[in-house]
Amino acid sequence: MNRFFKKIVKSRRRWFFVTIFSGILVFLIIPVPRFDDPSSTVVFSAENNLLGARIAGDGQWRFPKTDSVPEKYETALLAFEDKWFYYHPGINPVSLARALWLNIKYRQIVSGGSTLTMQVARLSRDNPPRTIGSKLLEMAMALKLELLRSKKEILCRYASSAPFGGNVVGIDAASWRYYNRPSYTLSWAEAATLAVLPNAPSLIYPGKNSAVLKKKRDGLLLKLLSLNKIDSLTFRLSIAESLPLQPKPLPALASHVVENMAAGFTGQNVKTTLLYDLQCRVEDIVARHNREASQNDIHNFAALVIDIESGNILVYVGNAPDPGNLHGGMVDVVTAPRSTGSILKPFLYAAMLQYGEILPNTLVKDIPINFSGYAPKNFDFSYSGAVPASRALSRSLNVPAVEMLVQFGEARFLDVLRSFGFTTFKYPAEHYGLSLILGGGEATLLELAGAYASMARVLLHYNEYGGYNNSDFRLPSVIPSSNEDRATWDDQPIISASSVWFTLRALQQVNRPDERSGWWNFSSSGKVAWKTGTSFGFRDAWAIATTSRYVVAVWAGNASGEGRAGLTGSKIAAPVLFDILDLLPKDTWFEKPLDEITTVEVCSESGYIASQFCPDKVNVEIPVSGLKTGACPYHRIVHLSKDRLWQVNSSCYSVAEMVQDSCFILPPGMEWYYRKLHPGYNVLPPIFEGCESPENYPMIELIYPRNLSKLYVPLEMNGERGRIVFEAAHRNMGTRIFWHLDETFIGETDHYHQMALCPAPGNHTLLLVDKDGNTLKKKFFIVTDVHR
């Protein structure tokens with residue numbers, strides 16, 4: 001007997017271990033529910049408002065897995081599907097027994113008895129046919145899932161993967177597609193509707209079998225009332241709510257940002273830095289101006305608003321609305337390289353201040369120029385002779401900008417632009433030449449706005465931290481980023497705070513003839529520094545502004561590159577710019593970087609540091625780097641006759657009777673235009689008969705061509721060699737000049753001194769002589785290649 005009992009015990013022990021081992025083996029073999037279906041890319045604003053989404057790769061609106069389930073939806077779902085969810089281990093024997101009894105009673109499958117965990121297992125298998133084997137597998141998978149995952153994770157997985165009719169999957173997608181708002185804002189009626197939908201999504205969904213859907217929803221609401229989850233008033237109001245008739249379109253704000261995020265963050269929830277309300281209002285502004293401009297066949301606009309401190313993009317409008325993409329509305333103009341026009345001029349002005357090559361109001365040439373055939377003109381085709389650098393910038397004069405680039409150098413300026421973060425200038429300086437400052441290169445609105453924001457950030461941070469960190473120069477982004485570590489400082493800043501301060505001060509004075517006077521109302525409530533630009537052929541219109549907190553940038557034109565008359569920065573882009581500025585909060589202006597600014601005596605007429613010969617001096621603030629600039633070159637001591645009517649010298653006049661005077665003397669070319677606008681300018685008196693002409697202020701100047709070492713004779717349309725126009729200026733406007741080419745008299749001019757020549761290839765000598773014997777001799781070279 002003892003042996004018999006020992007055998008039984010031994011046999012049971014063996015079966016026990018076999019059972020345990022088999023159970024472990026089955027547990028390991030049973031798959032864990034996996035969900036590898038692609039997700040939609042969903043893009044949110046900084047406040048977590050939905051901007052837009054792109055459908056998943058399999059054509060389903062399936063938002064990425066949620067990490068929380070809305071309280072109302074969870075309550076309704078558990079009441080409808082699995083009220084014992086938080087108590088069972090994945091399967092509910094009572095529910096299974098009840099389902100079995102009902103199926104036998106009605107001789108058809110009327111209940112599956114599945115828990116939410118089992119439904120998650122079934123969803124992971126793409127809803128296979130209902131069989132006993134499938135049910136057993138789902139039960140095993142549910143048990144394993146409960147061991148490996150928390151109840152919250154299982155509930156989130158169900159809510160993210162349940163079908164809601166059509167191509168809508170998951171509670172978040174369903175909430176937006178059917179109610180056009182986030183799931184956590186759903187009413188009780190809406191939550192109940194979405195709770196019952198996955199029960200039979202192919203048969204019942206909004207727009208199909210609505211009566212059956214309403215009956216199921218109202219039944220669930222009645223159950224919630226009986227469970228004391230809602231009160232009677234809520235119940236009555238809920239059953240009175242209508243059902244959604246059909247899926248609604250998703251929000252479609254910042255469509256180009258959404259498209260970019262879909263390419264870079266496929267299948268993810270992406271939170272951006274965009275401000276929802278501001279984005280909406282700016283898109284409305286752009287759409288309104290686009291409707292007006294389209295009457296002139298101007299069809300595309302783009303706009304950015306950037307927070308200076310963080311570099312975050314707050315508004316991103318990649319293009320104007322364009323239903324049907326008839327005018328290239330799909331093109332993201334914010335990142336498309338376009339001709340810069342004159343929008344780069346502030347960077348040259350700031351760089352020259354930085355390196356001490358000009359002072360804020362240094363006089364710059366503004367006369368007709370011609371550099372080997374490149375002859376830019378001011379926008380209004382007028383010339384001032386000489387103009388303060390700051391005024392040349394605020395008036396966006398082209399000729400002074402080219403003169404400044406000649407002084408600074410194209411290669412140096414190109415290096416400055418690249419250090420600011422521009423990546424579109426890929427060629428060497430020789431490729432762009434002097435046209436670089438007037439639109440000879442291309443830039444994107446994103447990089448331009450980023451460069452203006454970087455300049456402002458330098459000033460902002462210098463005043464805050466007292467030093468430089470070149471990480472301030474960075475591209476704006478719609479993806480949130482933490483502030484840069486400022487533990488390290490740069491001894492050699494890309495641009496100095498004082499240079500930025502004086503540049504922005506000049507840009508506050510921008511005043512174009514075609515401005516609307518109402519724009520100046522903005523300056524009474526908040527300071528703004530702004531600049532416009534127009535590319536050659538009226539193809540691109542730019543307007544960029546900075547306040548102490550924001551940079552606003554606008555581009556207008558046609559994505560096709562077609563130019564239109566009237567397409568200028570001041571007429572088309574600037575009105576959009578100021579409408580956007582009106583939306584932004586006003587703030588105080590930047591603090592002055594006092595450590596980098598000094599006060600010096602400056603010549604009131606030339607803007608240079610005053611020399612000993614300058615009679616009128618003023619104390620002005622300049623960047624410390626400006627102390628390296630030279631003294632005023634235009635004030636000189638002139639010897640005059642006793643009656644001050646003649647220039648004299650010791651060779652023809654008594655020294656005892658001479659009068660010395662300090663005179664403001666511009667070169668003849670500058671003087672010719674300058675004195676027309678400055679009646680108080682005193683022209684030098686003529687030279688006394690018999691006196692030698694002074695060499696330090698010549699009477700004749702060749703205005704253009706300037707680069708005489710290499711001149712090209714152009715070809716006319718008929719293939720014949722054309723002519724080069726030479727232009728000279730004389731201090732005495734009515735003086736006659738006699739022109740000689742290679743010692744051969746070729747003509748004379750009076751008042752306006754221009755001569756069209758067609759020299760043969762090779763070296764030549766040009767001699768100009770006035771009636772008083774004053775001469776100017778210039779050598780030049782004509783290249784053989786007339787085709788250039």
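**Figure 1. Helix 12 (residues 276-293) packs against helix 20 (residues 569-581) at an angle of about 155°, with the axes 10 Å apart.** Because angles over 145 degrees count as roughly antiparallel, under 35 as roughly parallel, 65 to 115 as roughly perpendicular and the rest as oblique, helix 12 is roughly antiparallel to helix 20. Axes are lines fitted to C-alpha atoms, for helices over the stretch in contact, and angles run from 0 to 180 degrees between N-to-C directions. Helices (H or I, at least four residues) and strands (E, at least two) are DSSP runs numbered from the N terminus. The crossing of helix 12 and helix 20 is right-handed; a crossing has this name if the near helix is turned clockwise from the far one by less than a right angle, and is left-handed if anticlockwise. Val282, Ile285, Val286, Arg288 and His289 of helix 12 meet Pro575, Val576, Asp579 and Ile580 of helix 20, where contact means heavy atoms within 4.5 Å. These residues comprise six nonpolar, one polar and two charged; Ala, Val, Leu, Ile, Met, Phe, Trp, Tyr, Cys and Pro count as nonpolar, Asp, Glu, Lys and Arg as charged, and the others, Gly among them, as polar. The model is predicted, so local features need pLDDT of at least 70 and side-chain atom pairs pLDDT 80 or more, while totals for chains, interfaces and linings use all residues. Residues are numbered from 1 along each chain as its sequence is written, and side-chain values use heavy atoms, without hydrogens or water.

**Figure 2. Helix 13 (residues 345-354) and helix 15 (residues 398-408) cross at roughly 45°, and their axes come within 11 Å.** The two helices are therefore oblique to each other. Helix 13 passes helix 15 in a left-handed crossing. On helix 13 the contact is made by Lys345, Leu348, Tyr349, Ala351 and Met352, and on helix 15 by Asn398, Ala401, Met404, Leu405, Gln407 and Phe408. By class, eight of the residues in this contact are nonpolar, two polar and one charged.

**Figure 3. Leu344, Phe347, Phe413, Phe420 and Phe422 touch the most other members of the largest nonpolar core, which has 138 residues.** A nonpolar core is a set of buried Ala, Val, Leu, Ile, Met, Phe, Trp, Tyr and Cys residues joined through side-chain atoms within 4.5 Å. Helix 18 (residues 445-465) gives the most to this core, twelve residues. Beyond its neighbours within four places in sequence, Phe420 is in contact with Phe347, Ala451, Met455, Phe473, Ile494 and Ile495. Another core, of 47 residues, lies apart from this one and includes Leu145, Ile154, Ala162 and Trp176.

**Figure 4. Ala79 lies in helix 2 (residues 71-81).** Ala79 is buried, with a relative accessible area of 7%; buried means under 20%, exposed over 50% and partly exposed in between (1.4 Å probe, protein chains only). Neighbours within four places in sequence aside, Ala79 is in contact with Leu220, Lys223, Leu224 and Leu227. The C-alpha atoms of Ala79 and Ala195 are separated by 9.1 Å, although the two residues are 116 residues apart along the chain.

**Figure 5. Asn228 has a positive phi of about 65° although it is not a glycine.** Asn228 is found in the loop between helix 9 (210-226) and helix 10 (232-240). Its relative accessibility is 68%, so Asn228 counts as exposed.

**Figure 6. A cis peptide bond, with omega about 5°, joins Tyr704 and Pro705.** Pro705 lies in the loop between strand 19 (700-704) and strand 20 (724-730).
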